[in-house]
Amino acid sequence: MFEKTGIASFEMVMSKFPSAERINKGKVAVAECYKCIPCNPCEDACGFNAIKVGEDINQMPVVDPDACIGCGRCVSRCPGLAIILVDGSISEESVDIYMPYEFLPLPEKGETVKALDRAGKHVCDGTVIAVDNKASNDRTPVIRVRVPRAELYNVRNIALKGEEA
């Protein structure tokens, strides 16, 4: 199915996420790369050796969740927008997802947005907690969205409330 739609199956998604125990400790990177392509900016961006691609840059990146400190440098550096941070330490009811967002207008802190799955379907509402658009992000803003914990593995993007989802 992935080859036809480009949408990862639940099993593929789960293979990229760290354990729930690690997610609940705080921010950790998730690299949702599903094809071997020549790319390694995430490895170069990580100053903690938590992301490995290896000498053959055609390999998919592997995140060591124990080495990842959740700094997020990799999120804005990934040209494929394939890396997010997840943080389950917020509360028992919600999680924060830090995701690249290259659309205008940018959402605003406190704004309610439509949280979308990998197919672009609206799965729940989320609240924008922060918008990080600093120069070091190389023109890729990173937004932090709080969503219900039950949607942790589903939410991958957002749409503003006035937009179609």
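Colleague: Why does Leu81 count as partly exposed?

Modeller: The relative accessibility of Leu81 is 28%. A residue is buried under 20% relative accessible area, exposed over 50%, and partly exposed in between, with a 1.4 Å probe and protein chains only. Leu81 therefore counts as partly exposed. Please note that this is a predicted model, in which local features need pLDDT of at least 70 and side-chain atom pairs count only at pLDDT 80 or more, while totals for chains, interfaces and linings use all residues. Residues are numbered from 1 along each chain as its sequence is written, and side-chain values use heavy atoms, without hydrogens and water.

Colleague: What makes the phi of Leu81 worth a remark?

Modeller: Leu81 has a positive phi of about 55°, although this residue is not a glycine. Most residues other than glycine have a negative phi, and most peptide bonds are trans. Leu81 is found in the loop between H5 and E4. Asp138 also has a positive phi of about 55° without being a glycine, and its place is the loop between E7 and E8. With a relative accessible area of 46%, Asp138 is partly exposed. As for peptide bonds, a cis bond with omega of about 0° joins Leu104 and Pro105, and Pro105 lies in the loop between E5 and E6.

Colleague: Is Gly80 buried or exposed?

Modeller: Gly80 is exposed, because its relative accessibility is 54%. Gly80 lies in the loop between H5 and E4.

Colleague: How do you know how many helices and strands the protein has?

Modeller: Helices (H or I, at least four residues) and strands (E, at least two) are DSSP runs, numbered from the N terminus. By that rule the protein has five helices and nine strands. From the N terminus, their order is α-α-α-β-α-β-β-α-β-β-β-β-β-β.

Colleague: What makes E7 and E8 a pair?

Modeller: Two strands pair if DSSP finds at least two bridges between them. Strand E7 (residues 122-132) and strand E8 (residues 142-148) are joined by five bridges and run antiparallel, so they meet the rule. Ala130 stands opposite Arg144 in E8.

Colleague: In what order do the strands of the open sheet stand?

Modeller: The seven strands follow the order E1-E4-E5-E8-E7-E6-E9, with antiparallel pairing. Strand E1 (28-31) and strand E9 (157-160) stand at the edges: each has a single partner strand, so one side of each has no neighbour in the sheet. From one strand to the next, the twist averages 40°; the axes are lines fitted to C-alpha atoms, for helices over the stretch in contact, and angles run from 0 to 180 degrees between N-to-C directions.

Colleague: How do you know that the count of disulfides is zero?

Modeller: A disulfide is a pair of cysteine sulfur atoms within 2.5 Å, and by this rule the count is zero. For Cys68, the nearest cysteine sulfur is that of Cys74, 6.3 Å away. For Cys74, the nearest is that of Cys71, at 6.2 Å. Cys68 counts as buried at 11% relative accessibility, and Cys74 is buried at 7%.

Colleague: What is meant by the largest nonpolar core?

Modeller: A nonpolar core is a set of buried Ala, Val, Leu, Ile, Met, Phe, Trp, Tyr and Cys residues joined through side-chain atoms within 4.5 Å. The largest has 43 residues, and those with the most contacts inside it include Phe17, Ile83, Ile97 and Val147. E1, helix H5 (73-77), strand E4 (83-87), strand E5 (94-100), strand E6 (112-116), E7, E8 and E9 each supply at least two residues of this core. In soluble globular proteins, nonpolar side chains tend to be buried together.

Colleague: Which residues is Ile97 in contact with, leaving aside its neighbours within four places in sequence?

Modeller: Contact means heavy atoms within 4.5 Å. Among the partners of Ile97 are Val86, Val145, Leu152 and Val155.

Colleague: How do you know that the radius of gyration agrees with a compact globule?

Modeller: The radius is taken over C-alpha atoms, and the globule rule is 2.2 Å times the number of residues to the power 0.38. For 165 residues a compact globule would have a value near 15 Å; the protein has 15 Å, so the two agree.
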